[in-house]
Amino acid sequence: DGNISIIPQSGTAPFEYSIDGGTTYVSGPDAGYTFVNLAPGTYQLRLRANGCESDPVERVVGTQGNAPTFINNQSIVLNATCGNNDGNISIIPTSGTPPFMYSIDGGTTYVAGPDAGYTFLNLAPGTYHLVLKSSTGCVSDIVEKTVESGCPKNTNFSNRGAGNSITAEKPLSGKIEMIAAYPNPSKGQFKVQLQNFMSPKAEVFIFDGKGTLVQKHQLNLVQTNTAEFNLSNQAPGLYYIKVVGKNGIKTSKLLIQ
């Protein structure tokens, strides 16, 4: 049910109108003609008068009402480290018509990015409003996500020692969750091993240096703690590993030569 109107701005009437590049024409009023009941797609507009044709103009009839969607869980957020503005937010489309535009300010501004998703880098701690726009002009619902500061929240302070100096006591904890990627540097084929993770399941995401999601893998840690990746078809450079588990998000880096 789309429409396209061709409205003459110059030329000598009577006019003829085409939306197939001039293969066929229809006669219409001198003030313009509207093609109705069009399916979504690309059309080639031309205007003809006294045997003279305009240059073709390409226009797209999109689809309204089908808002794009994207992954909406904590895996798309990488919190900042303490005292730094190095948080990340990834918008990864799950439906919609590419190419996509991405926003973290509620749609006030957008950036273009790969169809597979886009990562906003170097973010300060704070709340962001995520929006995905498709090529049809449809926009997603606004999703609010917060980049947390990595500063310790449960540090206990005591007034002990000479001169009443203040010292910090870290809370007791178990083994530290660690990510081991090997070989590192790699030629493209490598393994990611999750050490001391208490989660029954974890998701491993690989991002390139621009923040684009390259591959992901879900691990059942009851069965195995190792995921294998092959990025031999990717460009050399620095890649980022993000692991989402029960206790939050852990990150690491990998160099592909």
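Q: What makes I256 the bridge partner of G237 in a paired strand?
A: I256 of β25 is the bridge partner of G237. Strands, numbered from the N terminus, are DSSP runs (E, at least two residues), and two of them pair if DSSP finds at least two bridges between them. Strand β24 (residues 237-245) and β25 have nine bridges in the antiparallel sense, so they count as paired. The model is predicted: local features need pLDDT of at least 70, side-chain atom pairs count only at pLDDT 80 or more, and totals for chains, interfaces and linings use all residues. Residues are numbered from 1 along each chain as its sequence is written, and side-chain values use heavy atoms, without hydrogens and water.

Q: Why is the contact of R48 and E16 called a salt bridge?
A: The term requires a side-chain nitrogen of Lys or Arg within 4 Å of a carboxyl oxygen of Asp or Glu. For R48 and E16 the N to O distance is 2.9 Å, so the pair qualifies. R48 lies in strand β5 (residues 41-49) and E16 in strand β2 (residues 15-18), so the pair ties together parts that are 32 residues apart in sequence.

Q: How do you know which class E228 belongs to?
A: E228 has 57% relative accessibility, so it counts as exposed. K191, its salt-bridge partner at 3.8 Å, has 33% and is therefore partly exposed.

Conventions
Helix = DSSP H or I, 4+ residues; strand = E, 2+ residues; numbered from the N terminus. Buried < 20%, exposed > 50% of the residue type's maximum accessible area, 1.4 Å probe, protein only.
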